[in-house]
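I set out to record what I looked up in this structure, entry by entry. The entries follow the order in which I consulted the coordinates.

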Amino acid sequence: MSDAERISNRPSGRMNGGRALAEMLRLAGVGPMFGMGGFQLLPFYDALAQLGMRHFLINDERCGAFAAEAYARVTNRPGVCDGTLGPGATNLVTGLIEALNAGTPMIALAGDTNRAHSWKNMTQECRQAEILRPAVKELIRVELTSRVPELLRRAFAVATSGRPGPVLLDVPEDVCHGEHDFAADDFTIDPTTLSAPARRIRPDRADIARAAALIARAKRPLILVGGGIHLSAGYEALLALVEAQSIPVAHTMSGKGGIVCIHPLSVGLFGRYSRIANELIEASDCLLVIGCKLGEIATKRYALPPARIPLVHLDILAEEIGRCSPATVALWGDARAGLEDLAEALADDDRRARAARADYIGEIPARMAAWRQEAAARLDSSERPIHMARLCRELNSALPANATLVADGGFAGHWTGLLYDTKSPGRHFIPDRGLASIGYGLPGGIGAALAAPQTPVVAITGDGGFNMMLGELETARRAGIGLTIVVVNNAASGYVKALQHAMFRGRYQSSDLVEMDYAAIARAMGCVGIRVEDPERLGAALREGLAERSRPTVLDIVVTRDPARMLPAVDNRTVEIRQGDRVA
Ligand SMILES: Cc1ncc(C[n+]2csc(CCOP(=O)(O)OP(=O)(O)O)c2C)c(N)n1
Ligand SMILES: [Mg+2]
């Protein structure tokens with residue numbers, strides 16, 4: 001059904017609040033939803049069943065929020081999840097904050113107590129609105145059944161406009177179960193609010209002119225791109241500007257894919273971990289920061305960028321501009337719109353700029369080759385247990401251009417952030433850098449796989465993160481998705497153990513996990529399970545996982561257990577690295 005047909009297909013008559021919620025979500029054309037029921041929202045569940053809408057029971061509401069969040073990252077449409085009152089609602093907190101910090105559009109529904117009995121020690125009652133309010137962009141308490149359509153419209157508008165984010169609808173039991181006579185006119189929704197960015201704002205023309213003048217003067221300009229490029233879908237505009245002007249692009253973990261990693265002007269990750277990007281930042285004479293908060297990891301705990309370098313900062317949130325590093329020119333607006341305007345302002349100068357920057361651009365392949373040579377021993381390592389860099393190399397070889405790699409909040413995300421190369425522009429690398437919780441990998445993979453059923457999806461997670469979420473393997477199997485889960489099995493809370501090694505001379509506390517066979521666990525749960533101890537087997541195992549389209553495959557990869565060799569690079573905190581350690 002087209003958007004226009006769906007939106008004109010409006011219900012009317014007497015219905016309960018749950019049905020009205022479902023009807024609105026149907027009009028909005030939302031994708032699969034994730035949640036776990038309870039009495040309060042059961043009319044909503046019943047309406048979903050009657051309307052034939054897709055909703056997946058998850059085994060922990062946190063995972064439902066993560067799955068909806070990843071769904072939203074793939075589609076730029078709000079992901080939808082729900083939880084019952086009390087523990088269901090509080091379990092949503094982590095996933096909602098991920099979305100809040102990452103700017104991901106989401107709509108969450110939480111059941112709440114029947115207002116006829118609230119504050120009389122009702123079962124599962126807690127001050128959930130107060131707990132959830134700082135976790136979302138806006139919390140909407142629905143006080144009247146008749147206002148369900150209006151307030152869902154509001155939820156979409158808030159979720160997809162400005163910097164997108166999560167919205168929580170807190171729905172008392174009596175509002176969900178209560179009935180109202182609705183008119184067809186009640187069920188309308190503004191189609192422009194159904195995906196992010198709902199509306200694009202352009203930077204001020206005078207600021208564009210000042211930024212263009214700075215860039216035109218620069219001999220070594222560099223673009224630093226963050227996750228905002230995905231929210232704006234500004235890929236073509238970014239590529240057009242960098243090619244017209246010969247400006248290389250470095251990215252944060254969230255910004256990977258702004259331009260494709262294998263593009264000659266892509267210089268990789270910058271910040272805590274970097275190939276050559278940090279050196280290029282140091283030597284730059286003009287930085288153009290796009291859709292990027294310049295937070296701790298991107299700046300090596302605020303050691304970057306050097307204050308002497310002029311900085312143009314383009315962001316959709318005015319108050320983020322210059323927050324961590326002062327901006328010479330502030331461009332307040334949508335990333336795509338701002339890039340288009342900059343390209344237009346610079347167009348007459350393109351030819352001269354490209355000629356002037358030929359040597360600068362010419363350095364990049366040589367620097368990248370030197371880095372690759374230095375890293376080759378790790379990337380090509382045939383050691384056992386398997387080297388993480390070798391695993392990343394094999395991911396680069398095995399994953400096709402349209403694949404999506406979802407990366408968990410732990411080490412796996414940092415290693416792949418540094419070493420994984422996307423082969424087509426777009427959101428093909430999804431790390432949960434909003435809150436960097438471990439445990440995102442599996443549920444995030446479920447959301448991404450359901451968002452793009454034809455696309456191969458691989459989720460990489462630590463064993464600790466996987467342990468948190470094992471129950472969701474049941475969800476993935478029930479959903480019948482061909483998700484490949486790569487478990488980085490180091491029998492440790494590795495990041496913690498590596499830091500204890502480096503900073504506390506190997507006094508380990510609560511950082512070891514017991515040795516587990518995750519492939520056997522997967523098989524026992526009706527999934528495919530393959531344990532890989534030999535690096536030469538990695539490619540075949542990945543291909544086997546990708547080929548399985550109807551159930552999950554768990555690849556249990558036995559990687560180094562040596563805490564001296566777990567970190568992708570030297571951390572810039574107060575790390576003591578003892579002689580003989582190899583930390584990268
Ligand atoms: C929910 C949560 N708790 C704690 C942390 C801190 N933390 C970051 S990485 C890490 C280790 C995770 O272990 P594992 O998933 O096995 O990954 P590894 O570092 O061993 O690759 C921890 C505990 C976190 N990011 N999220
Ligand atoms: Mg681990």
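**Entry 1: Thr484**

I found Thr484 in strand β18. Helices (H or I, at least four residues) and strands (E, at least two) are DSSP runs, numbered from the N terminus. Thr484 is buried, with a relative accessible area of 0%. Here buried means under 20% relative accessible area, exposed over 50%, and partly exposed in between (1.4 Å probe, protein chains only).

**Entry 2: Basis of the values**

I note that this is a predicted model, in which local features need pLDDT of at least 70 and side-chain atom pairs count only at pLDDT 80 or more, while totals for chains, interfaces and linings use all residues. Residues are numbered from 1 along each chain as its sequence is written, chains are lettered from A and ligands numbered from 1 in the order in which they are written, and side-chain values use heavy atoms, with hydrogens and water left out.

**Entry 3: The magnesium ion**

Which residues coordinate the magnesium ion (ligand 2)? I listed Asp463 (OD), Asn490 (OD1) and Ala492 (O), at 2.0 to 2.1 Å. Donors are N, O and S atoms within 2.8 Å of the metal (3.2 Å for Na, K and Ca); water is not among the atoms, so sites may look incomplete. Along the chain, the donors of this ion follow the spacing D-x26-N-x1-A. Asp463 lies in helix α20 (residues 463-469) and Asn490 in the loop between β18 (484-489) and α22 (494-503), so the pair ties together parts that are 27 residues apart in sequence. I also checked burial: both Asp463 and Asn490 are buried.

**Entry 4: Ligand 1**

Around ligand 1 I found 16 residues, of which Asp463, Gly464, Gly465, Asn490 and Gly494 come nearest. A residue is counted as near if one of its heavy atoms lies within 4 Å of the molecule or strand. α20 gives the most to this shell, with four residues, and α20 and α22 each supply at least two.

I then read off the distances from oxygen atoms of ligand 1. One such oxygen is 2.6 Å from an N or O atom in the side chain of Asp463. For polar backbone atoms, the distance is 2.7 Å at Gly464 and 2.8 Å at Gly465. The protein covers 76% of the 580 Å² of accessible area that ligand 1 has on its own. The areas come from the Shrake-Rupley method with a 1.4 Å probe; for residues, only the protein chains shown count as cover.

**Entry 5: Backbone geometry**

I looked next for cis peptide bonds. One joins Leu304 and Pro305, with omega about -15°; Pro305 lies in the loop between β12 (286-290) and β13 (311-315). The bond from Arg384 to Pro385 is also cis, with omega near -5°, and Pro385 is in the loop between α16 (358-379) and α17 (388-398).

Ser246 has a positive phi of about 55° although it is not a glycine. Ser246 lies in the loop between α12 (235-245) and β10 (249-251) and is buried, with a relative accessible area of 10%.

Methods. A polar contact is a pair of N or O atoms within 3.5 Å; within protein, one must be able to donate a hydrogen and the other to accept it, and residues adjacent in sequence count only if both atoms are side-chain atoms.
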